Amino acid sequence: MKNESGSRSVPGQIILGGFVIAIGVLFLLDNLDILDFHHAIGFWPVVFVVMGVLKLRDSTSTNGKLIGAALIGVGIMMTLKRLGFLYVSWHTMWPLMLIALGGAVVLKAVTGRRAMAGSVPLKDKNDDSDSIVDVTAILGGFERRITTPNFRGGEVTAVMGGCELDMRGSSIQGEAVINVFAAMGGITIKVPPDWAVILHGTPILGGFDEKTIAPPDNAKRLIIKGYAIMGGVEVRN
């Protein structure tokens, strides 16, 4: 599973690296008086599109894909507005955001928890409800204590909000993977001292911080991968 986790993160890093290279080239051309890039800075909403693409690419849950699509939609609408092709006032925007948020909550309630193919094995009848997590915090906070003898991974998303998972009462049978996405928010994960934590995260004006005690062996491994965009992900005992 380690190889699979690394290979899945490569396309997202290519997208991010390409975006950073493009911005650097534009600033260089501006400094050389070849291109006036200062006017293009007004199109900063494109950042939302990039964030949405990264989230959509690495997400394995319906809720996560909805958030990625919403970020892309907001970025496109704001960009079109600055180009003069679309006029959307704040009085129109915030009800649309409420509708999208409510639709995501309803869809999540209807579909329920789903197995996350690719990064998390399919659930069987012996698993409990905490074996796979799908947590999202938008403009708010979420705290949850997880106690399961067979934690299998999941997905944690924080957009301008915070998530805290306390898994110190849980156990892993082998290896589990958690996909994290912290955009202008924070995620804190507390793990038992006998878990070996492996970070495969990509910080973008943010950070990943591990404050765990090294276990005597790697029999129980928790792999955390994803992005911290102007936010932070912390793992501790």
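The following questions and answers concern a predicted model.

Biologist: Which strands pair with S9 in the parallel sense over nine bridges?

Modeller: Strand S9 covers residues 221–229. One of its partners, in the parallel sense and over nine bridges, is residues 175–183, strand S5. Another parallel pairing, again over nine bridges, is made with residues 196–204, strand S7. The strands asked for are S5 and S7.

Biologist: Which residue of S9 stands opposite Glu175, and which is the bridge partner of Thr202?

Modeller: For Thr202, the partner in S9 is Tyr227. For Glu175, the residue standing opposite in S9 is Arg221.

Biologist: Which element gives the largest share of the largest nonpolar core?

Modeller: The core has 26 residues, and Phe151, Met167, Val180, Ile187 and Leu222 touch the most other members. Elements giving two or more residues to this core include S1, S3, S5 and S9. The largest share is four residues, and the element that gives it is S5.

Biologist: Which residues does Leu222 contact, leaving aside neighbours within four places in sequence?

Modeller: Leu222 is one of the residues that touch the most other members of the 26-residue core. Two of the others in that group, Phe151 and Met167, are also in contact with Leu222.

Biologist: What is the reach of helix H2 from its first C-alpha to its last?

Modeller: Helix H2 runs over residues 46–58, which is 13 residues. At 1.5 Å a residue the expected value is 18 Å, and the model comes close to it. The reach is 19 Å.

Biologist: With which side chains does the side chain of Lys55 make polar contacts?

Modeller: Lys55 lies in helix H2 and is buried, with a relative accessible area of 4%. Beyond its sequence neighbours, Lys55 is in contact with Gly64, Gly68, Glu155, Thr157 and Phe181. The polar contacts of its side chain are at 2.8 Å to Glu155 and at 2.6 Å to Thr157.

Biologist: How far apart in sequence are the parts that Arg144 and Asp130 tie together?

Modeller: Their side chains meet in a salt bridge, N to O 2.6 Å. Arg144 is buried at 17% relative accessibility, and Asp130 is buried at 13%. Arg144 is in strand S2 and Asp130 in the loop between helix H4 and S1, so the parts they tie together are apart in sequence by 14 residues.

Biologist: Which residues are linked with Glu234 in a network of salt bridges?

Modeller: Glu234 meets Lys211 at 3.2 Å, N to O, a pair that joins strand S10 to strand S8 across 23 residues. Glu234 also bridges to Arg236, with the closest N and O atoms 2.9 Å apart. Lys211 is partly exposed at 48%, as is Arg236 at 28%. The residues linked with Glu234 in the network are Asp209, Lys211 and Arg236.

Conventions: Residues numbered from 1 in each chain as written. Predicted model: local features only at pLDDT ≥ 70, side-chain atom pairs only at ≥ 80, totals over all residues. Heavy atoms only, no water. Buried < 20%, exposed > 50% of the residue type's maximum accessible area, 1.4 Å probe, protein only. Pairing = 2+ DSSP bridges. Expected span 1.5 Å × (residues − 1). Core = buried A, V, L, I, M, F, W, Y, C linked by side-chain atoms within 4.5 Å. Contact = heavy atoms within 4.5 Å. Salt bridge = Lys/Arg side-chain N within 4 Å of Asp/Glu carboxyl O. Polar contact = N/O pair within 3.5 Å; in protein donor to acceptor, adjacent residues only side chain to side chain.
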